[in-house]
Amino acid sequence: MNTDSPIVNTNSLAFIALCNEYCAALENAREMERTEFIEKMVRILPRIYISANDLQVNMIETEEPYIDGTLDEDYYEAVRRNVERLIGPDDVYLEVFEEDMKYSDTPVSASISESLADLFQVMFNFIAMVQDATDEIMGIGLLAMREDFKSYWGQILCNVMRALHKIAFQEEE
């Protein structure tokens, strides 16, 4: 990896490090206390959001940036279940940004554990792609993450942050 590359810059390296830190936190969730885990999520998720929002990938020409899925379903489910056990009865929250919400008379619920596992899947696949990759492959991965952030996982991150914020400061009181 060439740190002087126009593709791989300080911000992209920070983003990769944050994705790696997030994945490690979710993989080790079963070894954490609930409060410790929630505090960690409340600290790392905004940093990931800011870093993803600031990603600028230069000099990449590709038809459609894509990241292969390497995370298997069993591992995803194990991570999700560990987080669900940790969060306990507060795992479900009302989702106000769901598209179907405006057509529904009943509230739409979401799950903190599923949202965090969805983010884990995105970041796990990204880390698997860029680990020991050439600058060009890394640039394609960063570009795909930037595009997916705008259209998919950025909203998930914001929504789950709202639920985690409530739990974090409810417990503090």
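Student: Which residues are linked with Glu77 in a network of salt bridges?

Tutor: Start with the general idea: side chains of opposite charge can pair when their charged atoms come close. The term salt bridge is used here for a side-chain nitrogen of Lys or Arg within 4 Å of a carboxyl oxygen of Asp or Glu. In this structure Glu77, Arg80, Arg81 and Glu84 are joined by such bridges into a network. By this rule there are eight salt bridges.

Student: What do I need to know about the model before I read further?

Tutor: The model is predicted, so local features need pLDDT of at least 70 and side-chain atom pairs count only at pLDDT 80 or more, while totals for chains, interfaces and linings use all residues. Residues are numbered from 1 along each chain as its sequence is written, and side-chain values use heavy atoms, with hydrogens and water left out.

Student: Where do glutamate 77 and arginine 80 lie?

Tutor: Helices (H or I, at least four residues) and strands (E, at least two) are DSSP runs, numbered from the N terminus. Both residues belong to helix α3, three residues apart, which is about one turn of the helix.

Student: Is arginine 80 buried or exposed?

Tutor: Buried means under 20% relative accessible area, exposed means over 50%, and partly exposed is in between (1.4 Å probe, protein chains only). Arginine 80 has 14% relative accessibility and therefore counts as buried. Glutamate 77, at 26%, counts as partly exposed.

Student: Which parts of the chain does the pair of arginine 34 and aspartate 90 tie together?

Tutor: First the bridge: the closest N and O atoms of arginine 34 and aspartate 90 are 2.6 Å apart. Arginine 34 is in helix α2 and aspartate 90 is in the loop between α3 (73-87) and β1 (92-94), so the bridge ties together parts that are 56 residues apart in sequence. Arginine 34 counts as buried at 19% relative accessibility, and aspartate 90 as partly exposed at 30%.

A further bridge joins the side chains of arginine 47 and glutamate 21, at 3.5 Å from N to O. This pair also links distant parts of the chain, with arginine 47 in helix α2 and glutamate 21 in helix α1 (residues 10-27), 26 residues apart. Arginine 47 is partly exposed at 39%, and so is glutamate 21 at 29%.

Student: At what angle do α3 and α4 pack?

Tutor: Axes are lines fitted to C-alpha atoms, for helices over the stretch in contact, and angles run from 0 to 180 degrees between N-to-C directions. For α3 and α4 the angle is about 140°, and the axes are 8 Å apart. A crossing is left-handed if the near helix is turned anticlockwise from the far one by less than a right angle, and right-handed if clockwise. The crossing of α3 and α4 is right-handed.

Contact means heavy atoms within 4.5 Å. Among the residues that make the contact are Tyr75, Val79 and Val83 of α3 and Ile112, Leu116 and Phe120 of α4. As for classes, Ala, Val, Leu, Ile, Met, Phe, Trp, Tyr, Cys and Pro count as nonpolar, Asp, Glu, Lys and Arg as charged, and the others, Gly among them, as polar. The contact of α3 with α4 has 10 nonpolar, two polar and four charged residues.

Student: Why are α2 and α4 called oblique?

Tutor: Angles under 35 degrees count as roughly parallel, over 145 as roughly antiparallel, 65 to 115 as roughly perpendicular and the rest as oblique. The axes of α2 (residues 34-53) and α4 (residues 112-130) cross at roughly 50° and come within 13 Å. The two helices are therefore oblique to each other. Their crossing is left-handed. It is Phe37, Met41, Leu45 and Ile48 of α2 that meet Leu116, Leu119 and Met123 of α4. By class, this contact has seven nonpolar, no polar and no charged residues.

Student: What is valine 83 in contact with, leaving aside its neighbours within four places in sequence?

Tutor: Valine 83 lies in helix α3 and is buried, with a relative accessible area of 0%. With those neighbours left aside, its contacts are Leu26, Ala29, Phe37, Ser113 and Leu116.

Phenylalanine 15 is in helix α1 and counts as buried at 0% relative accessibility.

Student: How many helices and strands does the chain have?

Tutor: The protein chain has five helices and two strands, in the order α-α-α-β-β-α-α from the N terminus on. Of its 173 residues, 46% count as buried.
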